Amino acid sequence: LREILEEKNDINLYSVLLSLILKFSEFRYSYLRFRRKQVADKCPTDPSYVHVNNAYERALVFMHKMPRIWMEYGEFLIQQRFITRTRRVFDRALRALPVTQHDRIWPLYIKFVTSHEIPETTIRVYRRYLKLLPKHREDFVDYLRKIDHLDDAAQQLAILVNDDKPYSEHGKTTHQLWTELCELISKNPIKVHSLNVDSIIRQGIRRYSDQVGILWCSLAEYYIRSGHFEKHLYFFEQI
């Protein structure tokens, strides 16, 4: 529009149109907030909620590049206890908005999925989230432990250990993360099956000479819990 008006040397008209568009956006945003206040004291099953939802959908036809509208719409749907519909709205927001604004949507999206007992969906959403913000991997590990997906938690911890950063986002050293990984896999040999436990702990023994005794005990404990009693005797002899 600007290029067309510049060709016609009508910059004033462009400025007027731009100001009208901005005023329209502000009016629409204020209108949506007003509609939400109208239903604030009503039950989420009240039919008036449907009208407000429709108002948001109409607004997003023209204002789909405004993250604030998507965020408020998502919060409004969460208030109504819609799960699938809310998830789809967040997915639409991520498709509509540029990637530079995704960091405004993701925290609300993660808070939503982790507040419900839908682990398979939450894991898929978290994996997408980590592609944009891998620094939050420790939060994912905590969630996986909470839902008892220990094999996935061990895999994510292994990724953190291999990053070789001095400190993690939670302030843990590589040694602390390594200790957590060894403890997790040694105490849960049946649930953690996708990692080579023997190789991981032996690598730690070579890497941390001041923790050799603890790591040998972790390896022995792993074989005890796995039912390989002959091997655990061998490792205690090595200590």
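Biologist: Is the crossing in which α9 passes α10 left-handed or right-handed?
Modeller: Helices are DSSP runs (H or I, at least four residues; strands are E, at least two), numbered from the N terminus. A crossing is left-handed if the near helix is turned anticlockwise from the far one by less than a right angle, and right-handed if clockwise. For α9 passing α10, the crossing is left-handed.

Biologist: This is a predicted model, where local features need pLDDT of at least 70, side-chain atom pairs count only at pLDDT 80 or more, and totals for chains, interfaces and linings use all residues. Residues are numbered from 1 along each chain as its sequence is written, and side-chain values use heavy atoms, leaving out hydrogens and water. How are α9 and α10 oriented to each other?
Modeller: Axes are lines fitted to C-alpha atoms, for helices over the stretch in contact, with angles from 0 to 180 degrees between N-to-C directions. Those of α9 and α10 come within 9 Å and cross at roughly 155 degrees. Angles under 35 degrees count as roughly parallel, over 145 as roughly antiparallel, 65 to 115 as roughly perpendicular and the rest as oblique. The two helices are therefore roughly antiparallel.

Biologist: How many nonpolar residues has the contact of α9 with α10?
Modeller: Contact means heavy atoms within 4.5 Å. It involves Leu150, Ala153, Ala154, Leu157, Ala158, Leu160 and Val161 of α9, with Thr174, Leu177, Trp178, Glu180, Leu181, Leu184 and Ile185 of α10. Ala, Val, Leu, Ile, Met, Phe, Trp, Tyr, Cys and Pro count as nonpolar, Asp, Glu, Lys and Arg as charged, and the others, Gly among them, as polar. Beside one polar and one charged residue, the nonpolar count is 12.

Biologist: How many of the 13 residues of α9 are buried?
Modeller: Buried means under 20% relative accessible area, exposed over 50%, partly exposed in between (1.4 Å probe, protein chains only). The cover over the buried residues of α9 includes α7 (119-132), α8 (137-146), α10 (174-187) and α11 (197-207). Helix α9 is largely enclosed by the rest of the structure, because its buried residues number 10.

Biologist: Which residue just after α9 takes a positive phi?
Modeller: Just after α9, a positive phi of about 60 degrees is taken by Asp164.
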